[in-house]
Structure formats: structure tokens, C-alpha cells
Amino acid sequence: MSKQAVLLFNMGGPNSLYEVEGFLKQLFNDPHILGIRNNFLRRNLANFIANKRLEEAKRNYQAIGGCSPIITHTLNLINMLNALDSTRFYTYCMRYTPPFAKDVLADLQNQNFSSLVLFSMYPQYSTTTTKSSLVSIQQALSELKFTPKIKVIERYFSHYGYNKLIISHIKKALDGADSKDFTLILSAHALPQSLVKKGDTYPQECEHNLAMLKEMLDTQQLHFKNILLTYQSKIGPIKWIGPTTQEVLKSLKNDKVLIFPLSFTIDNSETDYELAIECKHLAQQNGIKDFRVASCFNDSSEFAQFIVDMVEESTQNLA
């Protein structure tokens, strides 16, 4: 039995249309998402928002097969990781759908693991994603009285290997086409402006990621007509960081566009539906000649090797 376990953590997604309601209620009841300290008020508002969005969300999931692809991709990735690295045990937990952190950690505790690597599936750090998951994991560890040695890999947006992976997937999406004919859009998940004012570093890290990618693409002689950072998935009337992916698409009439989902490592409804279906329709309406969406890393062998290498780099002094 390996002494060290690696726990990948992500937000999760419904495994069926029946799980959509529970997923939405869990999501909006997160105090890192809705910053309301009063649990009763937050839960009531979360239920209201979830019920209001439920039917639309179900239709969206129905359009991509009736469930989120995130679980299937993650399971395949876990199997690949365990095959690649037999010195550790790789597993995963989700924030808003099973398997939840407490259940997975209880299993690891029963198997007597003495050290644990927490690996974020979010390349850039945000209080709404990375911190939310880590707080949930720490709470579960406390409740279980489980005290392994812990190493956290909470961001890697500036890691050369990560950006090399992005370029590889951009090249696959180009499929031999001339990059100079395309505008490259790096689409990241949006964030309320209020959280940025409170110190969330996420947009700064996305900007840093953009600058590094521009430099690496230039070094590889992979030149685009333009490279833009945009944000997607805003909800409600409050002010969010921008510009939105949809607004930028409307300004690119008669252009060719390639989108890479910058803040996602695993395809989900925001890539498979919002980008590949919704934005594709918008692109067609606005006369975009060629519209392409690069896939996330998912269960690619290159991504699995990147994770193994990152874990190895980060745990050399973790017994």
C-alpha cells in the first residue's frame, strides 16, 4: 500500500438531469459564491436562484447528453494517473456533487495514508474555486480527525509545462490551418468585480497567463491575428470582470476565431455547451467564417504526465 495519496479537487457537475437541482443549490449555497454570512438567508437565496435557473440548466445539460462530462473525464484521468505512477494513489473529490471531500478522505483515512497531496484542477487561484474547495477539505479533515502530512498544489498558471500543454491543444484545434488567419480567444470563467475589490487575485493571474502564452507562442513562431483574454459564464445583474466572450465574438464579424478555455482543465457544461454550442451559434449569427473551440486537457496522456511531474516536484521533501 502506497503511503501517499494525491487528491484532485474540482467543482463537479450533475451525473444526470435529476442531479441538476442539487448541484445548483450546493453551488449557490457556498459562502464563497454568495457572500452572505447568515446561513439561513444564504440558503433561501440559493434555493431561489437554483429554482429560477433549473429548467434552463436542464435544457443545457440535455443538449450535451443529459449530464456533465466532468466525471467521466476525471475518472479516466485518475485511471491513467494510477497506471503512470504506481508509487502513489490518485483519487478525486468534487465540491458540489459526489464524491464529496469527506467521503473520499474517510476512505483514505481507513487505508492509513500518512501523507496527502491536494491538487487543484483550477490553474488560476480564486476564492470562489480553489479556496472554497480547500476550506471544504480542511473542514472534512478536522471532522474526521485525520491528520496526514499535506502538500497543496493550488495554482500553476505560470508553469512552463502547463502553458506548453495549452499550446499543444491550440495546435490540435488548428489542425494545420494558418494561425495568422485566426483571432485566438482565451476564455476564462468570469468573477464578480466585488470579489476583485476584496483582493481576489484571479484576474491578475489570468493576465499573467495571457502574457506568458503570448511570449511562448511568439517563440514557437505561432502567430495569430490577435490574442484576446475574455470572460464567460456571468450570472445576474451585478458587475462582473470583462470583456465577455460573447461581446468580443459579436465584434469579430467575418473573422476566423479559435477559443481556448483558459481556466478549465476538464471539459464541462461551460465548455461543451456555452462555448461549443451557444458561442458557436452566436458566431454563425455574426458571420464568423471559421469558429473552433479547443478541448480541455481532460484525460490526455500529456496532462496526466504533467500532474505526475508536478506532484513529484512538489513532494520531494514530503515524507
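I looked up helix α6 (residues 160-174) first, and I find that it lies across β5, β7 and β8. It runs at about 145 degrees to β7. Axes here are lines fitted to C-alpha atoms, for helices over the stretch in contact, with angles from 0 to 180 degrees between N-to-C directions. Contact means heavy atoms within 4.5 Å. Helices (H or I, at least four residues) and strands (E, at least two) are DSSP runs, numbered from the N terminus.

The model is predicted: local features need pLDDT of at least 70, side-chain atom pairs count only at pLDDT 80 or more, and totals for chains, interfaces and linings use all residues. Residues are numbered from 1 along each chain as its sequence is written, and side-chain values use heavy atoms, leaving out hydrogens and water.

Next I checked helix α10 (residues 269-285). It lies across β5, β6, β7 and β8. Its angle to β8 is about 175 degrees.

Then the sheet. I read four strands in the order β6-β5-β7-β8, open, with parallel pairing. β6 (226-232) and β8 (290-293) are at the edges with a single partner strand each, so one side of each has no neighbour in the sheet. On average, neighbouring strands are turned by 20 degrees against each other, direction ignored. Two strands pair if DSSP finds at least two bridges between them.

I followed one pair. β5 (residues 182-189) and β7 (residues 256-261) pair in the parallel sense over six bridges. Ser187 has Pro261 in β7 as its bridge partner.

Last, Arg95. I place it in the loop between β2 (89-94) and α4 (101-110). Is Arg95 buried or exposed? Arg95 counts as buried because its relative accessibility is 17%; buried means under 20% relative accessible area, exposed over 50%, partly exposed in between (1.4 Å probe, protein chains only). Not counting residues up to four places away in sequence, Arg95 touches Asn10, Met11, Asp30, Phe100, Ser132, Ser133 and Ser136.
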